[in-house]
Amino acid sequence: MGVMTQSHCPYCSLQCGMQISRKGRAGIEIGAWEEFPVNEGALCRKGWTAGGLRGSRERLTFPLVRDRATGELRAVGWDEALDLVASRLLALQEAHGKDAVAVFGGGGLTNEKAYQLGKFARVALGTSQIDYNGRWCMSSAASAGNQAFGVDRGLPFPLVDVEQADVVVLVGSNLAETMPPAARHLDRLRERGGKVVVVDPRLTPTGERADLFLQPVPGTDLALALGVLHLLDAQGAVDEAYVAERTTGFDDVRRAAAAWWPERVERTTGVATDELRSLVTLLAGADRVMVLTARGAEQHAQGTATVLGWIDVALALGMPGRPYAGYGCLTGQGNGQGGREHGQKADQLPGYRMIDDPAARAHVAQVWGVDPDSLPGKGRSAYELLDSLGQDGGPKALLVHGSNIVVSAPNATRVTQRLESLDLLVVCDIVMSETAALADVVLPVTQWAEETGTMTNLEGRVILRQQAIAPPEGVRSDLDVIAGLAERLGSPAAFATEPEEIFEELGRASAGGKADYAGISYDRIVREKGVFWPCPTPEHPGTPRLFADEFATPDGRARFLVPAYTGPAEEPDPSYPLHLTTGRVLAQYQSGAQTRRIRDLTDEGAFVELHPMLADRIGAVEGRAVLVRTRRGEMSAPARIVTTIRPDTVFVPFHWVGVNRLTNDALDPSSRMPEFKVCAADVSVVEVR
Ligand code: SF4
């Protein structure tokens, strides 16, 4: 075996450490990096097989431009492709204004790319229209964390702290299947005598590990949280001293929760009163309680309110800031955390600064060497941006980096129509994804093991992916694409292409902000196996645990906020009598653009999970196709008949084209998160002719 490079997995937010070695002429092989503390050498099936990404025969290796006469994509040189893109962007901006061009990023991009993309949009293009797919990942938890604690860091403690808690409550997380190496923390917690509670409409491999499993109706997690608060208060289990010293607003929450007596909670959520009482007994008797939410709780039109409800539970128990306790969000995408800190979001500048804050604009503009008044203001959120494409007043061109919108957007038929209505769609990707296939220009870019860059994992730990192998000939980094376009657009600011130089600039831009990276360097990351932000100076040790003494609010206290339960945007009715929910499976990642192309990962295709009672009622047979219909579209897939799902609910994994044609684009008023996790649906048997 040749030289080994220490790096990290290309996929989820755990960012497991791995060793990458060269294999053969151009291949790579994955090995364990046992000293990296987050996964201690363990990887899931996706991680072990990630080397297959390098060898994919579908890899793009030259720019493609759609021929206007034939409608076909044809290979061109880089200069021709970039010249064409720049000239068309300039022409569209000349005709329709700066916001005629939009940028769409991704939560899998490195920090350096996310930072450059935000700067590129604001400085080189001068457009306000930038957002990214992380808006659909955990923006509701981000919004709730900012409101309650004054800062949003997925986990405000290292993941290993889970092992030392007494009770861990997982709301809408299938961690044992989506990030298997993390499940060992739950196992060790239980070996110590701790308890695991799982709240999920499906009994998943995570629920099977639970000491207590609650199976609510999809979209009712907030009502459950309010019911827990009601009983905690009724039983005198609220930590009154903590509430008085470290929080504000509890009286209003107490009044709101008073209306959620157990029988009402049971009627709303389907969780039996005795199960609710069992949960409250566990919580009330524990010294260290950790509440962790994931997409199941967050991807709702009430996602922010739902997370606030569970934060209220943690605060009422006096947990946030206490060792081995508190609230955290299990981020999903590889750089779900860092991707939202450096300026890809429509409303933010690097360092988690708000774009409408004059001091923030002045600081970042000075680092960029531009006039603060030249920076655009807040743009549209991800779905609203896509929905405006090609419409009156909406962008006419879109640049996509690191996102497969056609598969991953809610109400995907509508979004695909919007993409098709653009004057110019440019997609940077490693393979011909479903979104790239629609593009006017496709630019082949480097991936993961072929480049160096930092990621910030779900703990707020900044880690370094080191280049292990040269990219294929003809392929360039997104950083080169951004710099090449910026130059052609006549950008007033310079765009570096070396990742370490960009990281140093990012550190300066983030200095003094909430996500302060100023004291972090590549050398430090390698030496210390990751550094936790905030880390304002090279001498600062980094901050693995937040909130020990105070919260990041102006008065240092956490906020109880009153979430009013209104239920899902769509409730079942006679035409659509069921709940549809979506999620992930072990062998696939996000839109599947990468994992569906790996031979060693089973690409079983989409399936429809339904309960035997429902299957009997409609005549469904295991393995035979059923049709799922919602108000937005339909799809068919083989039935998988399981007792682990509620009889009133069907589940479809979202990694394949067509699933998100079903999902609802109702948005959370604060985070602008679409309601991926529940809508009304009907299921029927597909007649064989
Ligand atoms: Fe680890 Fe996630 Fe990669 Fe699996 S997909 S190896 S859990 S980082």
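Trainee: How many residue pairs are in polar contact across the interface of domain 1 and domain 3?
Mentor: In this predicted model, the rule finds 12 residue pairs in polar contact across that interface, both residues being at pLDDT 80 or more.

Trainee: Which elements give two or more residues to the side of domain 1 that touches domain 3?
Mentor: They are helix H17 (382-388), helix H18 (405-408) and helix H19 (412-420).

Trainee: And which of them gives the most?
Mentor: H19 does, with 3 residues.

Trainee: What classes of residue are on that side of domain 1?
Mentor: The side of domain 1 that touches domain 3 has 8 nonpolar, 6 polar and 4 charged residues.

Trainee: How many salt bridges are there between domain 1 and domain 3?
Mentor: The count is 2. As for a particular salt bridge, Arg596 forms one with Glu434, and their closest N and O atoms are 3.1 Å apart.

Trainee: Let us turn to the domains themselves. Where do they lie in the chain?
Mentor: The domain assignment places domain 1 at 64-135 + 335-532, domain 2 at 139-329 and domain 3 at 578-685. The contact between domain 1 and domain 3 takes 18 residues from domain 1 and 21 residues from domain 3.

Trainee: What separates the centres of domain 1 and domain 3?
Mentor: Taken over C-alpha atoms, the centres are 30 Å apart.

Trainee: What area is buried between domain 1 and domain 3?
Mentor: About 1500 Å² is buried there, and carbon and sulfur atoms give 55% of that area.

Trainee: Which three residues of domain 1 supply more of its buried area than any other three?
Mentor: Arg135, Val407 and Asn411 supply 32% of the area that domain 1 buries against domain 3.

Notes
Residues numbered from 1 in each chain as written. Predicted model: local features only at pLDDT ≥ 70, side-chain atom pairs only at ≥ 80, totals over all residues. Heavy atoms only, no water. Domains from an automatic or database assignment. Contact = heavy atoms within 4.5 Å. Buried area = accessible area lost by both parts, 1.4 Å probe. Salt bridge = Lys/Arg side-chain N within 4 Å of Asp/Glu carboxyl O. Polar contact = N/O pair within 3.5 Å; in protein donor to acceptor, adjacent residues only side chain to side chain. Helix = DSSP H or I, 4+ residues; strand = E, 2+ residues; numbered from the N terminus. Nonpolar A, V, L, I, M, F, W, Y, C, P; charged D, E, K, R; others polar.
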